Amino acid sequence: MINSWLFSAEGPFSYAVEDRFHDLRLDQFLALSFDQFSRSQVTESIKSGQILVNGVTVKPGYRLKSGDIIDGIIEIVSEPMIPQPQDVAFEILEESSDYLIISKPPGLVVHPGSGNADHTLVNGLLFRYGNLNEVGDVFRPGIVHRLDKDTSGVMVVARSSEAHIDLVQQFKNRQVKKTYLALVIGEVIEESGRIVAPIGRHPIHRQKMAIREANGRYAVSNWKCSKRFARHTLLELHIETGRTHQIRVHLSHLGFPVAGDKLYGASKDHSMFPRQMLHAWKLSFADPGTGSRIEAQAYLPDAFASVLSQLEAM
């Protein structure tokens, strides 16, 4: 039996697996080590990337090896509630029996989660399309990809189970073309470039992602200069992969953080920027029903366009 005093429930922990725990499941090991947490809470922490083994994310059923380094933190997460219909503002760009193309405004969370129990895009979708709760995950009905809360732009949502399966596979197989606009701090001299840098969970700041050369996940972003200002540059980006915070992490790594990005940006005055200046501009995918190519576009929100006008006038 593992003694519960091995780990403290407060703050991050790090532990080198002893020989006697070799081949024990990670979730079982942690559940026995933290008797104040339930097995489901431990499992959720592993799935969300809060727990790493040798610096990388693993599945709850990972079999431990002697000498493995487990580090992370377990947080008490309340059981998710099935989202309810709520009137939430967002624009429908196009709809069919298989999918919806929407323009997500900045400040709107895609689905309920920690700190955002309701008034998300999912709640709004259920309000407008009541039968969507039968499509895909009951906690994230219709959702096949996400945008960060403060990132605006185009998204596709599945309206049927068949379309949900098809679209999920398209994203997984990198058959969806995603193009973004990002206003960055600094003047980018080159006309274009390609960023190939693996991304993984930050080893200390668990809410952040970081470049992890040794054990990050493959990530590729292509960019080209769209417009230059005195101290900022507007970039057009096409991402080949869809890692969490990928564009924000890659651009910060290059030394040109997204303007207004308080998580990855430089500690400068963000008062000019209403939020992180990142917009999902275009999305191209195959119609799940016909196979024909669909090209969708979401125009810049007024506040984003206003910032560009101000910079041009300087």
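1. A contact means heavy atoms within 4.5 Å. In this sense H232 touches L183, V184, I185, G186, A259, F273 and L311, leaving aside residues up to four places away in sequence.

2. The structure is a predicted model, in which local features need pLDDT of at least 70, side-chain atom pairs count only at pLDDT 80 or more, and totals for chains, interfaces and linings use all residues. Residues are numbered from 1 along each chain as its sequence is written, and side-chain values use heavy atoms, with hydrogens and water left out.

3. H232 belongs to strand β12, residues 232–239. With a relative accessibility of 11%, H232 counts as buried (under 20% relative accessible area, with exposed over 50% and partly exposed in between; 1.4 Å probe, protein chains only).

4. Six helices and 14 strands make up the secondary structure of the chain (DSSP runs numbered from the N terminus: helices are H or I of at least four residues, strands E of at least two). The chain is as compact as a globular protein of 314 residues, because its radius of gyration of 21 Å is close to the 20 Å of the globule rule (taken over C-alpha atoms; the rule is 2.2 Å times the number of residues to the power 0.38). The C-alpha trace spans about 65 × 45 × 35 Å along its principal axes.

5. Buried residues amount to 49% of the 314 in the chain. Of the contacts between residues at least 6 apart in sequence, 64% join residues at least 24 apart.
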